[in-house]
Amino acid sequence: MRLIGWAIALAAAGLTPAAAATAPAPSPTTSTTAAAPSVNATPSAGTGQNPGQPDAAQAAAVVPGTVGHAIPTPGIGQPDGRKGLQTQFTPIGEEAANFHDYWLLPLCAIISIIVLVLLVTALIRFRRGANPIPSRNSHNTTIEVIWTLVPVLILVAIAIPSIRLLRHVYTPPPADLTVKVTGHQWYWSYELPDYGVTFDSYMLKEASDPTRQANQRARTNADGPPLLAVDNRLVLPAGKVVKFIVTADDVIHSFAMPAFWIKQDANPGQLHETWAKVDRPGVYFGQCSELCGARHGFMPIAIEVVPEAQFAQWVGQNGGHMPGAKPAAAAPAATAAPTPAVQESATNQAATAQN
Ligand SMILES: [Cu+2]
């Protein structure tokens, strides 16, 4: 009987020679035809940059260390293999990380230890061997009051700092600048409406990537880690409150910057708002954190925080203008404008000097 049972089990698992012989072996033609459409439908991994659109960073030689190309610091604003949260660089991030590290985690550890001790005690003290005649107790008012009140108190102890943190997240200080972030399959585009700067940001491919086109710059260590470095970084001024308006134009993406404690869904047809204030200049990396299609893993986010004077320089380099300065294209409409380009450049310098 037992032998029959084993035979049935093995046959069901397809392990018997008979089952192997009768199972339809995948023919080479079948597997080729099955694989072909997926290869055609899904571009090779790592094709982050748009092959049809020349890389904006190609035109000018990239000089590592210049504004927009600062060299990232290992372990800052990027994963470094250690467990736990990334070091935080925004007020909300610091508050949330402290709440997690010094309140939630110890609380979880204490609760787990108490439950484990209770469980082991019950297993040993109240085992059948030690209690041949079972206890007939069914109520104990004191214990019932304790096991109702203690969890309520624990939840209140978590809720108070948690709600305070949420209040801080959703009551941002007045914004110094606004950035519109749009997720696309599979890249990000950024717009600084007050500065007249709009650009796309694609992942930089590895030099060894066979899908990299001739007009696409390969990633170097000065750009950042693999899968996180981008051709055009979003550059932001240090110490300023930045409001991010997040949306998408095709499917749901998620704008996530772990070092800023930001993870905001980007939904087509909706505008979501989040904010950050970063005091430390540096390069910070994030990724799309919503499964958005075949190349979801190849649309990183890179934000470079720079002193304000360098930010003005970056705005100028990207065809923008500081608020108050008229864009070069709009200048001809003004009456008696001598030379629009000269006027624009002078205003930019004045704005830079002010900063
Ligand atoms: Cu995405």
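**Entry 1: K243**

Why does K243 count as partly exposed? I looked that up before anything else. K243 has 17 C-beta neighbours inside 10 Å, so it counts as partly exposed. (Buried takes 20 or more other C-beta atoms within 10 Å of a residue's own, exposed takes 12 or fewer, and partly exposed is in between; C-beta atoms are placed from the backbone.)

A note to myself on the source: this is a predicted model, where local features need pLDDT of at least 70 and side-chain atom pairs count only at pLDDT 80 or more, while totals for chains, interfaces and linings use all residues. Residues are numbered from 1 along each chain as its sequence is written.

K243 sits in strand β5, residues 241-248. (Strands are DSSP runs of E with at least two residues, helices are runs of H or I with at least four, and both are numbered from the N terminus.) I then checked what K243 touches, leaving out residues up to four places away in sequence, and found P172, A175, T178, E273 and W275. (Contact means that the C-beta atoms, placed from the backbone, lie within 7 Å.) One of these, E273, is 30 residues from K243 in sequence, yet their C-alpha atoms are 6.9 Å apart.

**Entry 2: the sheet with β5**

Which strands make up the sheet that holds β5? I read the order as β3-β2-β1-β5-β8, an open sheet of five strands with mixed pairing. (Two strands pair if DSSP finds at least two bridges between them.) β3 (197-201) and β8 are at the edges with a single partner strand each, so one side of each has no neighbour in the sheet. From one strand to the next, the twist averages 25 degrees. (Axes are lines fitted to C-alpha atoms, for helices over the stretch in contact, and angles run from 0 to 180 degrees between N-to-C directions.)

I followed β5 to its partner β8: the two pair in the antiparallel sense over six bridges. V242 stands opposite A276 of β8.

**Entry 3: H272**

Next I went to H272, which is in β8, residues 272-277. Is H272 buried, exposed or partly exposed? I got partly exposed, because H272 has 16 C-beta neighbours inside 10 Å. Leaving aside neighbours within four places in sequence, H272 is in contact with V246, Q264, D265 and N267. I also looked at K180, which is 92 residues from H272 along the chain, with 9.8 Å between their C-alpha atoms.

**Entry 4: the other sheet I looked up**

This open sheet of five strands runs β4-β10-β9-β6-β7, again with mixed pairing. Its edge strands are β4 (234-237) and β7 (262-266), each pairing on one side only. Here the twist averages 25 degrees from one strand to the next. β9 (residues 282-288) and β10 (residues 300-306) pair in the antiparallel sense, over six bridges. I found V283 opposite E304 in β10.

**Entry 5: α7**

What lies across β4 and β10? I found helix α7, residues 308-317, running at about 140 degrees to β4. The buried residues of α7 are Q310, F311, A312, W314, V315 and G316. After α7 comes G319, with a positive phi near 75 degrees.

**Entry 6: the whole protein**

The protein has eight helices and 10 strands. Of its 355 residues, 26% count as buried. Among contacts between residues at least 6 apart in sequence, 68% join residues at least 24 apart.

How values were computed: Contact = placed C-beta atoms within 7 Å.
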